[in-house]
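Visitor: Hi! Could you walk me through this structure?
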Amino acid sequence: MMKAKEGVSVDSSVHNDIIHKIRQHQSIRKFTSEIVPEEHIRQIVASAQMASTSSNMQAFSIIGVTDKEKKRVLAELAGNQAYIEECSHFLVFCADTHRLKHSAEQEGVDITPALEHVEMFLVSTIDAALAAQNAALASEALGLGIVYIGGIRSRIAEVSEVLNLPDHVYPVFGMCIGYPDQSPGVKPRLPLEAVYFENEYQPFEQVKDKVAAYDQTMSQYYEARTAGKRTDTWSEMMSRSLKDPKRTHLKDFLAERGFLLK
């Protein structure tokens, strides 16, 4: 046992279990046909709600999609990602200032100008992301697997129509949840020294050796995972991925929905 502040006893093994679970995260893209109990989903959503939120705005909403036809359509819109259809529940995390707008209207206040500034776009997007990570951790604590789906932004207007999203709401990403039917292994991350700096930012020149070592780690990881079919380094993958802008339609879509107008 160890002691926390104000004399509260804390079992260190509990903390170690939590940290171990976090560090064993794997993206699951193959699920069994078993349906996640509704009670588990409620626990996951309740956990998502307890994420930190700017000024208690809670500027996010979650749509749980279980309808087979909707999942089929969303899988197609996300780039034919079959695991959206195969998972038990597909959660869509939305940045949501619609609720704030109408709550303020009931108080006789028009907050539209504030909602159209970049700050509220960031607040609502960050709120959705924080809630989603809590949901991911809760899911994994219940023995479930998850994978984030950013592909829904590729055809974001059509996704919004399928989900009947109003103005001042946009889908940030989706999350497949279900019982894992694979164990792909833990994907290595950048060395801590390449992302954590004390007191001031360190220029790339100071960390390039760490990145180079990570490139080799990732190359070996993919070589082992694909039986030699891939040997990509991280730097190679990022260069290919970011060579050309993606989803350039998003700015106009967000403006149409009441975000980023100012």
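Visitor: Anything to know before we start?
Guide: This is a predicted model, where local features need pLDDT of at least 70 and side-chain atom pairs count only at pLDDT 80 or more, while totals for chains, interfaces and linings use all residues. Residues are numbered from 1 along each chain as its sequence is written, and side-chain values use heavy atoms, leaving out hydrogens and water.

Visitor: Which residues touch the most other members of the largest nonpolar core?
Guide: I44, F93, Y170, M175 and I177 do, out of 28 residues. A nonpolar core is a set of buried Ala, Val, Leu, Ile, Met, Phe, Trp, Tyr and Cys residues joined through side-chain atoms within 4.5 Å, and buried means under 20% relative accessible area (1.4 Å probe, protein chains only).

Visitor: And which helix gives the largest share of this core?
Guide: Helix 7, with seven residues. Helices here are DSSP runs (H or I, at least four residues), numbered from the N terminus.

Visitor: What does I177 touch?
Guide: Its partners include F31, V36, I44 and L91, not counting residues up to four places away in sequence. Touching, or contact, means heavy atoms within 4.5 Å.

Visitor: New topic: how do helix 2 and helix 7 cross?
Guide: Their axes come within 7 Å and cross at roughly 140°. Axes are lines fitted to C-alpha atoms, for helices over the stretch in contact, and angles run from 0 to 180 degrees between N-to-C directions.

Visitor: Which residues make the contact?
Guide: I44, S47 and A48 come from helix 2, and A131, N134, A135, A138 and S139 from helix 7.

Definitions and conventions. Buried means under 20% relative accessible area, exposed over 50%, partly exposed in between (1.4 Å probe, protein chains only). Helices (H or I, at least four residues) and strands (E, at least two) are DSSP runs, numbered from the N terminus.
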